[in-house]
Amino acid sequence: QVQLVESGGGSVQSGGSLTLSCSVSGHISSRLCVAWFRQAPGKGREGVAAIDDDEKTNHADSVKGRFTISQDNTRNTVTLQMNNLKPEDTAMYYCAAFIKAPWFDRICTLTVPYYMSWGQGAQVTVSS
């Protein structure tokens, strides 16, 4: 079992930057995928970025060039650096994780059903 706790977030004006951190504890497997998802009011949850143990990343097209996912060398902290924020980035951001099965040889997916562990979320609000 993996436990996830988000921190950071807050309110910023359009064009500003924010950093989200996810503290990861519990069963930190070498096949662990950690990702950030977001959910705006009235919308479904969408994948933002994911990272695996080999530092391979997967960023959604909507955030490429603006957001960067990274992790420390212990994998205890996964960070989402968000630059050039836009009002449409306003959402609750969630950290999530799953352990890749042996047959799963792709980069970490941004598909919600794969992810079994979730944090409580951190609010990001971007004003125009």
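Modeller: Take Phe 37: its relative accessible area is 0%, so this residue is buried. Buried means under 20% relative accessible area, exposed over 50%, and partly exposed in between, with a 1.4 Å probe and protein chains only. The model is predicted, so local features need pLDDT of at least 70, side-chain atom pairs count only at pLDDT 80 or more, and totals for chains, interfaces and linings use all residues. Residues are numbered from 1 along each chain as its sequence is written, and side-chain values use heavy atoms, leaving out hydrogens and water.

Colleague: How many aromatic pairs does a search of the whole structure find?

Modeller: The rule first. Rings of Phe, Tyr and Trp (its six-membered ring) pair if their centres lie within 6.5 Å; planes under 30 degrees apart are stacked, over 60 edge-to-face, and the rest tilted. The whole-structure search gives nine aromatic pairs. One of them joins Phe 37 and Trp 118, tilted, with 5.0 Å centre to centre and 50 degrees between the planes. Phe 37 is in strand β4 (residues 32–39) and Trp 118 in strand β10 (residues 117–118), so this pair links distant parts of the chain, 81 residues apart. On labels: strands (E, at least two residues) and helices (H or I, at least four) are DSSP runs, numbered from the N terminus.

Colleague: Is Trp 118 buried or partly exposed?

Modeller: Partly exposed, at 26% relative accessibility. Now a second pair. The ring centres of Phe 98 and Tyr 114 are 5.6 Å apart and their planes meet at 45 degrees, so this pair is tilted. This pair also links distant parts of the chain: Phe 98 is in strand β9 (residues 91–99), Tyr 114 is in the loop between β9 and β10, and they are 16 residues apart. Phe 98 is buried at 6%, whereas Tyr 114 is partly exposed at 29%.

Colleague: Which residues form one aromatic cluster?

Modeller: Phe 37, Tyr 94, Phe 98, Trp 103, Phe 104, Tyr 114, Tyr 115 and Trp 118.

Colleague: Which charged end sits over the ring of Trp 118?

Modeller: Check the geometry. A charge sits over a ring if NZ of Lys or CZ of Arg is within 6 Å of the ring centre and within 35 degrees of the ring normal. Over Trp 118 it is the charged end of Arg 45, 4.8 Å from the ring centre. Phe 104 has Arg 106 over its ring, with the charged end 4.4 Å from the centre.

Colleague: How many disulfides does the search find?

Modeller: A disulfide is a covalent bond between the sulfur atoms of two cysteines. The working test is a pair of cysteine sulfur atoms within 2.5 Å. The search finds two here. In one, the sulfur atoms of Cys 22 and Cys 95 are 2.0 Å apart. The torsion about its S-S bond is about -80 degrees, so this disulfide is left-handed. Cys 22 lies in strand β3 (residues 18–26) and Cys 95 in strand β9, so parts 73 residues apart in sequence are tied together. Cys 22 is buried at 0%, and Cys 95 is buried at 0%.

Colleague: What are the sulfur distance and the S-S angle for Cys 33 and Cys 108?

Modeller: The sulfur atoms are 1.9 Å apart. The angle about the S-S bond is -85 degrees, a left-handed link. Cys 33 lies in strand β4 and Cys 108 in the loop between β9 and β10, so the bond ties parts 75 residues apart in sequence. Cys 33 is buried at 0%, and Cys 108 is buried at 1%.

Colleague: What pattern do the disulfides follow?

Modeller: Count the bonded cysteines along the chain: the pattern is 1-3, 2-4.
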